[in-house]
Amino acid sequence: MSKVNAFLEEWGSYLWVALIETFQMVSISLVISILIGLPLGILLVLTRPGKSLENHFLNRFLNIIINVIRSIPFIILLFFMLPFTKFVVGTTIGVKGVIVPLVVFTAPYIARLMETSLLEVDRGVVEAYEAMGIKTKDIIWNVMVREARPSIILGLTIATIGLIGATAMAGLVGAGGLGDLAYRFGHLRYEPSVMYTTVAVLIILVQGLQSLGNVVAAKLKKD
Amino acid sequence: MIKIDHLSKTFKTKNGSVEALKDVSLEVKKGGIFGVIGYSGAGKSTLIRNVNLLEKPTSGTVSIDGTDITSLSAGELLKARRKIGMIFQGFNLLKTATVYDNVAIPLKLTGVPKKDIKERVNRFLSIVGLSDKADTYPAQLSGGQKQRVAIARALSHEPEVLLSDEGTSALDPDTTDAILDLLLRINKELGITILLITHEMHVIQRVCDSVAVMENGEVVEKGKTIDVFTSPKHGTTKKFVNGIFNHQLSDEMIESLKETGKIYSLKFTGDSSEEPALAIITKRFDIFPNILSGNITQLKEDPFGSLLVHFKGADNEIKEAINYLQEKGIQTEEVMTYEQSKRIS
């Protein structure tokens, strides 16, 4: 017990700060990524052949852009984007500096996950609403997104977990977080207890998120 | 009420174009129930989807209550569609919404005032007999109940026209009848004109005043149900009519019976079913009729009977007897083997 206390005495505040940093990075970039990714996912579905906003060119264009970004590993994207990040937020370091690459990394991923979820929605229901003279924009929100909610939640859970993984690399630009703590103290300064504790915290975090996602999705699903 | 004029629809596919509808013209009278029957692939689903422009016709027009809906702007089309209810084979309800919300959400989205929504949802749920299920989700309902919700949803917009795209095809026979009775009731009580498509003769028999038979994208026969089915002219129509009586003779049986006479199928409707016609011809002509099979059914309100009879006797006597039956308003048709009928047609 005293060992635990001594460990917390020494590392507790570091852990706490790192946890807060991770939360900050994940939540801010997740919110922005959803704001970009969800509409993008909807656009991907609606511009498909046979859908209400059918547009072959736009659909191809979006697909290529998303595939290109998704081909680049985050650690490379992080450095590759430095000038762009500087241009957007004025800095390339700290939590602020890492949000931009995190969003660029996550938004296309979310767009793909949303596309898959929305495609699962029964075409017939959309058609029934078209037949009732309901506007496309209302159909998107009240039929497509609504019916896809359970699947969207599961998709976002996956995206969030991926995002937590990506934030581990944020330390490279001085944004801190749990990954950075494990790397700098656990690995470089060889403090295995810090490494193990961080890994345990990450495991609990991911487990908790997945369980939460599953519960919410099951609640929204009514069949 | 619904006037379909020279409607054609061609689908472009990778392997060339497919003509799903070829110059189809139909008129559905106000307050009537019109059925379109055909086998799958006949183009009936394309036809009904062209009526509310879920599918855009290649040429021709559709007018509803005098308005040509093929010439409407996008905004006008939205409004016009609100007056055309539609139900589907797959019900197409929101899985994530309660029965109440399934009816209420479209009302909200079409701008019905909040205070009216509750009243309307409750009124139409009670019309379809589901008032007690308002808070359940579709997954907990049976197929028939789901279709009732879909009907309530369609009716809640107070349409003048209801389209049914195989609305009973996914239901078992008892449920089909219950839904058909509901359609009859809303047609009578609310005066809603109904256009339905189906592949089941039973549906036409039970509810339709008028019918069109489709094959290969064309209407091959149309008119009042009783007229079309009591004197079918086209092969497909005949097949549907024979389907309801379902007396099939094997070719071997026909061959052996033919050695001693002729086989006729006789169809009786309305008045002609009242006279003992067979008894009369036995007395008048030198023939011996032998009933092979018989059946009576109904076309909406009219009785419709059919007998399969083997007439034993001389050819000229049989011919005269048949003439007599025809004079009495009985439809007659000689039954032949499959091979023979192929040779003739």
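This is a predicted model: local features need pLDDT of at least 70, side-chain atom pairs count only at pLDDT 80 or more; totals for chains, interfaces and linings use all residues.

Me: Start with chain A. What makes up its secondary structure?

Reply: Chain A comes to nine helices and zero strands. Read along the sequence, the pattern is α-α-α-α-α-α-α-α-α. The C-alpha trace spans about 70 × 45 × 25 Å along its principal axes.

Me: What does UniProt list for chain A, and what is that stretch made of?

Reply: An unreviewed UniProt entry lists "domain: ABC transmembrane type-1" for residues 19–213 of chain A. In the model, residues 19–213 of chain A are 82% helix and 0% strand. The end C-alpha atoms of that stretch are 20 Å apart.

Me: Why does A:L82 count as partly exposed?

Reply: Count the neighbours: A:L82 has 15 C-beta neighbours inside 10 Å. Buried takes 20 or more and exposed takes 12 or fewer, with partly exposed in between. A count of 15 sits in between, so A:L82 is partly exposed. Its place is in helix α4 (residues 82–89) of chain A. The C-alpha atoms of A:L82 and A:T92 are separated by 6.2 Å, though the two are 10 residues apart along the chain.

Me: How much of chain A counts as buried?

Reply: Of the 223 residues of chain A, 41% count as buried. As for contacts in chain A with a separation of 6 or more, 68% are between residues 24 or more positions apart.

Me: Over to chain B. What makes β3(B) a mostly covered strand?

Reply: Strand β3 (residues 33–37) of chain B has five of its five residues buried. Buried here takes 20 or more other C-beta atoms within 10 Å. Both faces are covered: B:I33, B:G35 and B:I37 are buried on one side, and B:F34 and B:V36 on the other.

Me: How do you know that β3(B) pairs with β8(B) and with β9(B)?

Reply: Pairing needs at least two bridges between the strands. β3(B) has five bridges to strand β8 (residues 193–198) of chain B, and four to strand β9 (residues 210–215) of chain B. Both counts meet the cut-off, so both are pairs. β3(B) runs parallel to β8(B) and parallel to β9(B). If you want to find them on screen, B:F34 stands opposite B:L195 in β8(B), while B:V36 has B:A212 in β9(B) as its bridge partner.

Me: Why are β2(B) and β5(B) called edge strands?

Reply: They belong to an open sheet of four strands in the order β2-β1-β4-β5 (chain B), with antiparallel pairing. β2 (16–28) and β5 (67–68) of chain B each have a single partner strand, so one side of each is left without a neighbour in the sheet. For β2(B), strand β1 (residues 2–13) of chain B pairs with it in the antiparallel sense over nine bridges. B:L7 stands opposite B:V24 in β2(B).

Me: How is chain B divided into domains, and what touches what?

Reply: Chain B is divided into domain 1 (2–235) and domain 2 (247–344). Their centres, taken over C-alpha atoms, are separated by 38 Å. Each domain gives nine residues to the contact. On the domain 1 side, α7 (201–207) and α8 (225–230) of chain B give two or more residues, and α8(B) gives the most, with four. By class, that side has four nonpolar, four polar and one charged residues.

Me: And what makes up the contact between chain A and chain B?

Reply: It takes 20 residues from chain B and 21 residues from chain A. On the chain B side, α2 (74–81), β6 (84–88) and α3 (99–109) of chain B each supply at least two residues. The chain B side divides into 10 nonpolar, six polar and four charged residues.

Notes
Residues are numbered from 1 along each chain as its sequence is written. Chains are lettered from A and ligands numbered from 1 in the order in which they are written. UniProt positions are given in the numbering used here, feature names are shortened, and annotations may be inferred rather than shown by experiment. Domain bounds come from an automatic or database domain assignment. Two residues are in contact if their C-beta atoms, placed from the backbone, lie within 7 Å. Ala, Val, Leu, Ile, Met, Phe, Trp, Tyr, Cys and Pro count as nonpolar, Asp, Glu, Lys and Arg as charged, and the others, Gly among them, as polar.
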